[in-house]
Each structure stands twice: as structure tokens, then as C-alpha cells.
Amino acid sequence: MKKQKSIMEIIAEANKAVTTGIDEKDIEYWVMIYIMGRAYKVPAGLTIMQAMEYAGYRFIRSAGCRAGFCGACATVFRKIGDYKLQTAMACQTKVEDGMYLVQIPFTPAEKAAYNIGKEPYDVSVLFKYYPELARCLSCNTCTKACPQDLEVMDYVQAAIKGDFTAVAEGSFECIQCGLCAIRCPAEIVQYNMAQLARRMFGRYGSKRPESLSKRVKEVKEGKYEKDFRKLLSATMEEFKKLYADREREKD
Amino acid sequence: MTVFIREEKMAELKFIEGYPEYMYELIKVVEQTRAKRKDYTPKAMTMEEREDVLKVHPDYAEGGKRAINIGVNKGDIAPNEVADLLEAYPLIEEGEIDLRKPDYTTDILIIGGGLAGTTAAIWANDQGVPKENILLVNKLRHGDANSIMAQGGTQAADRENDSPVIHFIDALGGGHFTNKPDVLQTLVEDAPLIIDWLIDLGAMFDREENGDFVEIWGGGTCRKRMHACRDYTGLEELRVIRDEFKSREIPSLEYEPVIELLTDSDRVTGALLWNFETGEYKIVEATATIIATGGFGRLHIRGFPTTNHYGATCDGVVIAYRAGARLRDTDTVQYHPTGAAYPQQIIGLLLTEKLRSMGAQPVNKDGEAFVFPLEPRDVEASAFIRECYVRDKGVVTPTGMRGVWLDTPLIDIKNGKGTVDKAFPGMKRMFARFGIDMAKYPVLVFPTLHYQNGGVETDPWGKTNLEGLWVAGEVSGGVHGKNRLMGNSTLDCIVFGRKAGISTAEYVKSGKKRGKLTLEHMKKYVKLLKEAGIPKERKAPILLPDYRGKRVLARMIDVF
């Protein structure tokens, strides 16, 4: 009699398309893509990144978190019959039939060095480190290039006006992939400028909570040392009781 | 001439709101019970019930693990995938490397530029180690790390009704009372200091109108102490720390993984770097070395998908172990309860626990809320597996995965319309890219490999049993015991990155001389491998996983 598969074996089997290389016999639907101009038949329904791997590429660059957070897999593509150059994160974009694509392995963008503790919280700091900000043409190319769909031009304009709140809020979800800077005709490094603006806003934009300052002081003064000394000598039974007796704060 | 193959067959499967028709129909069952579930939360499990459900957890289910046969932790249990890497040959052979002339000489070598490593560099610099005497090396780009993907938050007991002691007890119970108490004390006591430091650096935590932090629940906590930056907490923390690092112009290298440590008997004295693109090796001579290489999700333990980044391949543990570092808690692995189970493009990716903190409820295919939403992660994950594979109340996807619903529309219902947009822009964006609106429709989830609980044992300063070697972050073991709570990993990285930075700075400032550069430890280890009859082709560290298609691998010719 054939041994029944365990739960773990069934789970592993169901996941094998994402944990190992894909076997073509498991694939029913296909599309054709063009990686740096060369045609490859790849399974439909994969991300650009997975499709390139299926085709035989093993990434060193252009793959990072694989979940849309790190900005390593910036990709430029065009669909056959369309003149438009589009941008995407390869790990978060489904592969489509007729995609011509290439990845951007590195962005040689300027990043200024500063000490935010010594800078004034006003617009001058942005122009001091990123003077090219003034060159913005309001062409909106950066916004169109942003794979996070951020309103990049709007936050650049807000920066020119010294509106730190708007820059910080508008750029917060930036993954610093560099696509805006690469497309910008005014050669602004939007994402690095916004990083400086956010840090200024994070440090000076709102009051530090009093409860935090109080707790920091208590810890530094050793307020909890006695409690911990007692706690660290507790028996396992005492630990378990302490845990079981915890009272949960109200929702 | 080009041959086109169109997506004709794709048209057969009808999609509604991003779901195949049959799944969309099943969502209606969830919608029908939603009003009733809105004010109902299943009871948290008793300790006995927890024990019972854990039987289906991948850590406790039969198979999957074995004893380590070689080295300091001989006899300890580890997942097969990890034990295999510990019992593997180095990438180099003795005599192949010329150790006479170091390419870099530094006071502090930091391996790995996630939150822990980057923090360590800044604090070492703050203690007076000049920037040019610090070197940070990265396998991939600086910041390509699990840190940047952390979504939910960072725990710190800074509110009036909370204290580091309560934080300690939460973490200890969540870790099944196996945490190393002295390091856990450091974690919870330093937590408020870390939040304070992050504010100095300009991190944008979620705030109330009056400037107070928005603090929310995490699984297994009895106080609301999670500090979040929308659902991009790790990204925000890493961005400000990395920006500070770069502003200080501390030297760093990218795409240069460490493939072996260098030793002088029981002291770590440097490392061997390998240029990922040219293949050239480089010798680093260092007074102190900090390993901050993260975890092992990309080993796909037990065949699970993972939330982890591309480089999470256990390298740090492998090289440290070979040099003689002691490990602990290698027998457990953390599976995050809510990995994406659908659509196929994002299988295994993380759906933050914060979703449940803010009211999203796990629901089975019959529309029943079957588990308290905020059990410790191993318990919650086990309850999902039981629902799908023991009780058969999961939903089967087109690719054959099973999952349970996470009823995300409840978040807006409970907290007001627009909450999902505001609190979870990252999650919302991820699903929207594949046609699903998670504010309107539930999403399908199943446990996913998330975190390396165990690792290299340390003292509260990140110091290992080997002289000259510190570790920080996920590569370490002990602070979380056999199960980590949400919000304690970003905290772990920054707390112990800082500690290691300070401690190594003190070590080098004490006038410590540099040691000899040898591969003696490797020679000894290879001897043990040979005696144990380990197959020659098994090599480590593996550096990266391999997802190339099977067809192309079968036809590959190694020409040059």
C-alpha cells in the first residue's frame, strides 16, 4: 500500500513552484517576453522576476527583498506596438505577453552628507544640500516613473515651498529605487532630497512624547534594576504564574 | 521572425475583483457572517489548548529535523536544511588563499548591512572609533535585508501603564520560557532608548494629534506597545539609519559576501570576502568582527514559502559555527501565520500582524471566526494549519494551496472608513497590483517561513564565546527563545546592533592588538567533515537560493 502523505508533505508539494525552480510540465499557460531583446517563452501568471528566473537568469543584482519594499528590482519595459516606456518593480509586476524589458542594476545618484542635528528646520537646508531642486520643470515625468504611484512632482514642489509636512507625507512610501531620478530632465535626486526632508520632519515636526522621555530617564537611572534582579532569580514555576496572571489592557 | 504565444487559455478562468469566480463565490459566505462576527472574538487558548494545537506546527510535526553531528553543538537538533549547511564543506580549499597581505585593515569589520549592522557602525563611530577604521560589507546592496521588510512595528514599553518588566514577561511566555534572561532584559530595558534614538535620527512613527505615539497590540502582548510607521516600519527605520551611516561616510562595500572567517586559534581576526561579480577574493584583517547577516528563510525549511529577502541563506551561522561559535535554540523556526496564499505572484509574502492588531479576523471557508486573532505566532499558525488540513475548512486556490480568509474589511468597519488606506498603504498596494481591494474583500492566508528563532549565542553585549566575534540581530539566538513576538525583531536588531557597536569600540580602544590571519579552524573542520563522510559536493555558505527553471538547468553547459 502506498504510504499516505503527511500534512507537511502536502504543504511542501503545493508550494514547490515558489520554493524551487519551476518544472515546465506543471505549466499550462504561456507568454512570450523579451529580456534585453531576446525572446523567452515563460509561464503566464509569474512576476517579471520569477519569469526571468524561469528563463534561466540567476540574479545577483536587481533582486532584493522580492516583496516590494527595497527597490532593488527597478525595471523598464515597453509592450510590443506601444511607444511608451513604463517602469515597474520586477517582483511586484505580473509578466505580460509581449513585454520588452531591462533592469536597472544601479543608480549612480548623488547623496549629500549632513548632520541633521545641526541644520535649521527650514527650506534652506533642502536647497543647501540639493540646490538642483530649483531646476524642477514641473513636467511630471518623475510621478509617471514612480512604481509606488507616489505624486513625486507634488512633493518636489512642496519642498521648494519648504512644506516639510507635505514632502514627508507625500514621499513616505518611497522605496528609493531611483527611477524618478533617472528619468528627471532637471537632474534632481528626488528620493534623496525627500529622505533629508523626512528626517528633518521626523525629528523636528512633532513634539517628543513626554512618557517616552520619562521612561528613558527611568531606565538610565536604573529604576528597573531591582525588579529585574528579582525576576532573573525566579523559578520556572514563578515565571509561568506571572505569565498566566497577566492582566490584558482593555482594547 | 517572432512566434507569439498569446494568453488564450488564461481567458477560460473568469476573474471577479481579482479572484477566480469560485473563490469570489466563497467570499459571500464570509460577508454573510461579518455583521455577527464584528463584535465577537473567539477566546484566547488555555496553555493546554495551545499545547494541543502545536502538534500540527511544522516544528512539532514528525520529521524535518535531525541531530547536528559535527562541531560545538554536536547532538543538538536543527532543521534538516540547516544541519546540512552546518555539515558542509567550505567554498575554498586550504592553500588556495594567500593570507599574507590583507587588502583591508580595520578596527571593526561588520558583516551585513541591515538594521543591526548599520546601527553597530554608527554607535561604534559615536564611541570614538574613526569612520575610516570601520568597514561594513554587504552581500547584496546595503539595506537589502529582512529588516527593510518589517511591517508591523517595534515594541517598547514607554507608556504609563506599561514597563520593561511587563514587556519581559510577555516575551518570555511567548518564547515558551526558553529565552536567555540576561539578553532579554537588555532587549526590553533598552527598547525606550531605541525609540528615542530613532526620533533623534528623524524616524516618522505614527503619531496622535498631540504628538503621542499611536501604540497598538501585537500577538501575545498584554499591553499596547507597538510603534509603527504605517506598514513600512522596517523600511522607515532602515532608511533613516542608513542615511545617517552614509552621511557619516563610513566605508562600505556591496556585493562582497564573506565566505569564511579568519582566525588565530580561538579568536576571530578577520574575514575572507568574495566579489560576487568578478570572483576575486579579498582579505580583511580586523580587530573586532560583528556578524549581522540575518536569517535563513530562503532555505525554505520543510518546503514552506518565505517572507524573507533574497539573501536570507543562513551564511552568518554557517561561517561562525565553523570557526567555533556556539549556537542555541536551533530546533525551532518561526512561521508567520499570515503569508499570502493567493494570488500566486505573492505566495508566502508577509501580511503584517498589525492587520489583526487592528481588527482583521481569521475566518474559515464556512465564515466562522475559529481562533483568537492574536495568539503568539506559533499557536496562531498552528490553528490555521489545523483548520486547513485537519478540519478541512480551508479554501483551495487554483495552484492547489489551502488557506483561510483574513477578513480585512473589518478593519474599516471597526476603525472607520479609510483606515486600511492610511494604516496599510503597503499591503493595499501589493494586493491592488494584482487586482484585489483588501479594504473591500478578504484576502487568503497561510503560514509562511518567517524567522530564524535560534542562532549564535551571545551575552547582553552581543559577544560570542569566541574572542573578537560579536553577533547582532536575527543571526543571534537566545533573546526570543523558541518563538519571537511581533515587534521584537526590529527592536532586537537595533538594541544589539548598538550594544555590539559600543562593545567592539571599547574592545578596540582598550589597545587590543590584531591577531594572526589563518584558516586553521577551517582545516580542523574539514577533517571532521571527512571523518563523518559528508558528501564532497555539499558546500556552504550557499549565498543565494536558486530558482532557475528546471528545463534550462537540464540543458546548461558550463563553457567558461
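Helix axes are taken here as lines fitted to C-alpha atoms over the stretch in contact, and the angles between N-to-C directions run from 0 to 180 degrees. In the predicted model, helix α5 of chain B, which spans residues 164-174, packs with helix α6 of chain B, residues 181-201, at an angle of about 135 degrees, and the two axes are 9 Å apart. That angle makes α5(B) oblique to α6(B), since angles over 145 degrees count as roughly antiparallel and those from 65 to 115 degrees as roughly perpendicular. The crossing of α5(B) and α6(B) is right-handed.

On the side of α5(B), the contact is made by Pro164(B), His167(B), Phe168(B), Ala171(B) and Leu172(B), and these meet Leu184(B), Gln185(B), Val188(B), Glu189(B) and Ala191(B) of α6(B). Sorted by class, the residues in the contact of α5(B) with α6(B) comprise seven nonpolar, two polar and one charged.

In chain A, the division is into domain 1, covering residues 27-103, and domain 2, covering residues 116-204. The C-alpha centres of domain 1 of chain A and domain 2 of chain A are separated by 28 Å, and seven residues of domain 1 of chain A are in contact with seven residues of domain 2 of chain A. On the side of domain 1 of chain A that touches domain 2 of chain A, strand β4 of chain A (residues 86-89) gives the most, with three residues. The residues on that side of domain 1 of chain A divide into five nonpolar and two polar, with no charged residues.

Methods
Residues are numbered from 1 along each chain as its sequence is written. Chains are lettered from A and ligands numbered from 1 in the order in which they are written. This is a predicted model: local features need pLDDT of at least 70, side-chain atom pairs count only at pLDDT 80 or more; totals for chains, interfaces and linings use all residues. Helices (H or I, at least four residues) and strands (E, at least two) are DSSP runs, numbered from the N terminus. Angles under 35 degrees count as roughly parallel, over 145 as roughly antiparallel, 65 to 115 as roughly perpendicular and the rest as oblique. A crossing is left-handed if the near helix is turned anticlockwise from the far one by less than a right angle, and right-handed if clockwise. Two residues are in contact if their C-beta atoms, placed from the backbone, lie within 7 Å. Ala, Val, Leu, Ile, Met, Phe, Trp, Tyr, Cys and Pro count as nonpolar, Asp, Glu, Lys and Arg as charged, and the others, Gly among them, as polar. Domain bounds come from an automatic or database domain assignment.
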